Amino acid sequence: MPSARFDDILEHLAAHEVDFIVVGMTAGILQGAPVTTVDVDIVHRRTPENVARLLAALEGLEAVDRHDARQLEPKESHLSGPGHQLLATRLGDLDCLGSIDEERGYEELLPMAEEMSLGSGRTIRVLSLPALIDAKERSARPKDLAALPVLRATLDERTQQD
């Protein structure tokens with residue numbers, strides 16, 4: 001697979017007017033954290049209209065389940081619940097999450113998200129650094145705990161610049 005093009009994935013979703021919040025390490029990267037990640041994680045709004053837009057966007061990305069040899073395409077039923085769809089696309093890996101962090105979905109995360117402009121002028125929502133740090137502390141997964149010092153330092157640096 002060619003190298004992941006996360007900015008193109010986000011542009012594609014925004015062009016399809018999908019309501020989503022970027023979470024995970026991509027959210028940290030977008031806010032200046034000097035870290036890496038292997039996929040884009042989003043929490044999407046699970047309304048029927050938004051799921052339909054997301055499905056259209058995923059079709060254009062040629063998305064398939066990346067852990068199933070049958071290369072199954074995501075369906076409405078997969079994206080309407082709180083579960084996770086771990087997808088491979090022609091632009092890189094994309095995780096479409098119905099919820100994160102103790103079953104918080106799009107609506108619960110929206111007050112903790114910041115708007116960010118893309119190169120095209122479109123805007124996306126990104127989980128704020130304080131909320132991302134909080135979520136990673138609660139998850140307590142080793143990879144999340146390892147990222148916390150860098151995320152905290154990035155937050156401190158951003159706070160000092162304001």
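Where is the place of proline 74? Proline 74 sits in the loop between E3 and H4. Helices (H or I, at least four residues) and strands (E, at least two) are DSSP runs, numbered from the N terminus.

This is a predicted model, in which local features need pLDDT of at least 70 and side-chain atom pairs count only at pLDDT 80 or more, while totals for chains, interfaces and linings use all residues. Residues are numbered from 1 along each chain as its sequence is written, and side-chain values use heavy atoms, with hydrogens and water left out.

## Overall architecture

The protein chain contains seven helices and seven strands. Along the sequence these elements follow the pattern α-β-α-β-α-β-α-β-β-α-β-β-α-α. The radius of gyration of the protein chain is 15 Å, close to the 15 Å that the globule rule gives for 162 residues, so the chain is as compact as a globular protein of that length. That radius is taken over C-alpha atoms, and the globule rule is 2.2 Å times the number of residues to the power 0.38. Taken along the principal axes, the C-alpha atoms fill a box of roughly 45 × 35 × 35 Å.

Of the 162 residues, 46% count as buried. Buried means under 20% relative accessible area, exposed means over 50%, and partly exposed lies in between (1.4 Å probe, protein chains only). The accessible surface of the protein chain comes to about 8,400 Å², and 50% of this area belongs to carbon and sulfur atoms. Accessible areas come from the Shrake-Rupley method with a 1.4 Å probe; for residues, only the protein chains shown count as cover.

Among contacts between residues at least 6 apart in sequence, 60% join residues at least 24 apart. Contact means heavy atoms within 4.5 Å. The mean positions of the 17 positive and 29 negative charges are 1 Å apart. Lys and Arg count as positive and Asp and Glu as negative, whereas His and the chain ends are not counted. The place of a charge is NZ of Lys, CZ of Arg, CG of Asp or CD of Glu.

Proline 74 counts as buried, at 10% relative accessibility. Leaving aside neighbours within four places in sequence, proline 74 is in contact with Leu55, Leu58, Ala63, Leu79 and Leu87. Its C-alpha atom is 21 Å from that of glutamate 103, 29 residues apart in sequence.

Arginine 70 also lies in the loop between strand E3 (64-65) and helix H4 (76-79), but counts as exposed at 61% relative accessibility. The side chain of arginine 70 makes a polar contact with the side chain of aspartate 68 (2.7 Å). A polar contact is a pair of N or O atoms within 3.5 Å; within protein, one must be able to donate a hydrogen and the other to accept it, and residues adjacent in sequence count only if both atoms are side-chain atoms. The C-alpha atoms of arginine 70 and valine 40, 30 residues apart along the chain, are separated by 22 Å.

## Glutamine 31 and its surroundings

Glutamine 31 lies in the loop between helix H2 (24-30) and strand E2 (39-44). A polar atom of its side chain lies 2.7 Å from the backbone oxygen of leucine 127. Beyond neighbours within four places in sequence, the contacts of glutamine 31 include Glu114, Met116, Thr154 and Arg158.

In H6, Leu129, Ala131, Leu132, Ile133, Ala135 and Lys136 are buried. The buried residues of H6 pack against H2, strand E7 (123-127) and H7.

Alanine 140 is found in the loop between helix H6 (129-139) and helix H7 (142-161). Alanine 140 has a positive phi of about 60° although it is not a glycine. Glutamate 62, in the loop between helix H3 (48-60) and E3, likewise has a positive phi of about 60°. Most residues other than glycine have a negative phi.

Aspartate 144 is found in helix H7. Its side chain makes a polar contact with the side chain of arginine 141 (2.7 Å). Not counting residues up to four places away in sequence, aspartate 144 touches Lys136 and Ser139.

| Residue | Relative accessible area | Class |
|---|---|---|
| Glutamine 31 | 5% | buried |
| Glutamate 62 | 53% | exposed |
| Alanine 140 | 42% | partly exposed |
| Aspartate 144 | 3% | buried |
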